[in-house]
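Please study the sequence and the model before reading each solution.

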Amino acid sequence: MTDPIADYLTRLRNAIQAKHRVLEVPASNLKKEITKILLDKGYILNYKFNDEGYQGSIKIALKYDPINKVNAIKGLKRVSTPGLRKYVGYKDMPRVLNGLGIAIVSTSKGVMTDKEARDMKIGGEVLCYIY
């Protein structure tokens, strides 16, 4: 697999469109950090790491509105790809939907949101947009 983050986002997008409650994806440290950010920002309900097998997996419980059955995640977009990396400084950090969404950034201090990177005044690689 050339781009595991794009695969993670595609599995998440497909599970949302199919109205699944639980999603299971192969684990990696970067995917674990992205999943933690999604939980902290309220885009998913819960997650669980399974270390069984060669690689392990992440089980993600998706969050839906109980009345309208609409998912908390409206859109996912991969920004930086293996063929074209997208690096930004803290002054040029993107704002997703004027601050309503988040950009997940991989920095020298770890994986964080665009707002946290801007506050710490560090730039990095923009992995994806979530809104």
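**Exercise 1.** In the loop between which strands is the place of L97?

*Solution.* The model is a predicted one. In it, L97 belongs to the loop that lies between strand 5 (87-88) and strand 6 (102-107). The next step is to look at the surface: L97 forms a nonpolar patch there with L100 and Y131. Together these residues have about 330 Å² of accessible area.

**Exercise 2.** Determine which residues of the largest nonpolar core touch the most other members.

*Solution.* This core holds 26 residues, and I104 and I130 are the ones that touch the most other members. At least two residues of the core come from each of helix 1 (4-17), strand 1 (22-26), helix 2 (29-40), strand 3 (57-62), strand 6 and strand 8 (124-130). Helix 1 gives the most, with six residues. Another core, of 11 residues, lies apart from this one; M93, M112, A117 and Y129 are among its members.

**Exercise 3.** Is H20 buried, partly exposed or exposed?

*Solution.* First, locate the residue: H20 sits in the loop between helix 1 and strand 1. Next, consider its relative accessible area, which is 42%. Buried requires under 20% and exposed over 50%, so H20 is partly exposed. Finally, examine its surroundings: leaving aside neighbours within four places in sequence, H20 is in contact with A15, L62 and Y64. As for T35, 15 residues apart from H20 along the chain, the C-alpha atoms of the two are separated by 17 Å.

Note on methods:
Residues numbered from 1 in each chain as written. Predicted model: local features only at pLDDT ≥ 70, side-chain atom pairs only at ≥ 80, totals over all residues. Heavy atoms only, no water. Patch = residues over 30% accessible without salt bridge, like charges linked within 9 Å, V, L, I, M, F, W, Y side chains within 5 Å. Areas by Shrake-Rupley, 256 points an atom, 1.4 Å probe, with all protein chains shown as cover. Salt bridge = Lys/Arg side-chain N within 4 Å of Asp/Glu carboxyl O. Helix = DSSP H or I, 4+ residues; strand = E, 2+ residues; numbered from the N terminus. Core = buried A, V, L, I, M, F, W, Y, C linked by side-chain atoms within 4.5 Å. Buried < 20%, exposed > 50% of the residue type's maximum accessible area, 1.4 Å probe, protein only. Contact = heavy atoms within 4.5 Å.
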